Amino acid sequence: MPVRSKKNKRPWIPERPKKEGYQRVRSMDEYHTARWTRESRAFRHENPLCVRCKEKGIIKEAEVVDHIIPAPICKDFWDKRNWQPLCKKCNTEKGNKDKKLIREYRHRNEVR
């Protein structure tokens, strides 16, 4: 099967218009390192269950490692005492709440 370059677009598939005004902010560089991949995998191996689901009496596998105090706010990204295992659903819910905390934290530090 021939390799299709980006220049050879499929004319029967319309291009999606690019959204103006919104660009997702890239997460911290530490999340994109081999060290994070290795250490978070080891942490999940030692802590295989989602702590939030466990509190509700649900047994669910942890899929991600979350910073209890959001990484942009905490002083030490690599402090494992600030890590917790979460399933993707719980991580998304917590992440949405964390965004507000991070915005407020940045705003307070900008004003100074």
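The paragraphs below lead through this structure, from its overall layout to some of its side-chain pairs.

The model is a predicted one, and the protein in it has 3 helices and 2 strands. Read from the N terminus on, these elements follow one another in the order α-α-β-β-α. Of the 112 residues in the protein, 23% are buried, and the accessible surface comes to about 9900 Å², with 53% of that surface belonging to carbon and sulfur atoms. When contacts between residues at least 6 apart in sequence are taken together, 57% of them join residues that are at least 24 apart.

S1 and S2 pair in the antiparallel sense, and the pairing runs over 4 bridges. Within this pairing, Val64 stands opposite Leu86 in S2. In a regular strand, side chains alternate between the two faces of the sheet. In S2, Trp83 and Pro85 point one way while Gln84 and Leu86 point the other way, and all of these residues are buried.

Charged side chains come next, and the structure holds 6 salt bridges. Side chains of opposite charge can pair when their charged atoms come close. One of the salt bridges joins Glu39 to Arg35, with the closest N and O atoms 2.8 Å apart. Both residues lie in helix H1, which spans residues 34-46, and because they are 4 residues apart there, about one helical turn separates them. Glu39 is buried, its relative accessible area being 17%, whereas Arg35, with a relative accessibility of 36%, counts as partly exposed.

Lys80 counts as partly exposed, at a relative accessibility of 44%. Taken together, Arg35, Glu39 and Lys80 are linked in a network of salt bridges.

Lys89 is exposed, with a relative accessible area of 54%, while Glu93 counts as partly exposed at 34% relative accessibility.

Once the neighbours within four places in sequence are left aside, Tyr31 is in contact with Trp36, His67, Ala71 and Phe77. With His67, the side chain of Tyr31 makes a polar contact, side chain to side chain, at 2.9 Å. Phe77 lies 46 residues away from Tyr31 in sequence, yet the two are 9.6 Å apart in space when taken from C-alpha to C-alpha.

The cysteines bring up a last point: how many disulfides does the structure have? The count comes to 0 disulfides, and the distances between sulfur atoms show why, given that a disulfide requires two cysteine sulfur atoms within 2.5 Å. For Cys50, the closest cysteine sulfur is that of Cys90, and at 3.7 Å it is too far for a bond. For Cys90, the closest cysteine sulfur belongs to Cys87, and that distance of 3.5 Å is again too far for a bond. Cys50 counts as buried at 0% relative accessibility, and Cys90 is buried as well, with a relative accessible area of 4%.

Terms used: Residues are numbered from 1 along each chain as its sequence is written. This is a predicted model: local features need pLDDT of at least 70, side-chain atom pairs count only at pLDDT 80 or more; totals for chains, interfaces and linings use all residues. Side-chain values use heavy atoms; hydrogens and water are left out. Buried means under 20% relative accessible area, exposed over 50%, partly exposed in between (1.4 Å probe, protein chains only). Contact means heavy atoms within 4.5 Å. Accessible areas come from the Shrake-Rupley method with a 1.4 Å probe; for residues, only the protein chains shown count as cover. A salt bridge is a side-chain nitrogen of Lys or Arg within 4 Å of a carboxyl oxygen of Asp or Glu. A polar contact is a pair of N or O atoms within 3.5 Å; within protein, one must be able to donate a hydrogen and the other to accept it, and residues adjacent in sequence count only if both atoms are side-chain atoms. Two strands pair if DSSP finds at least two bridges between them.
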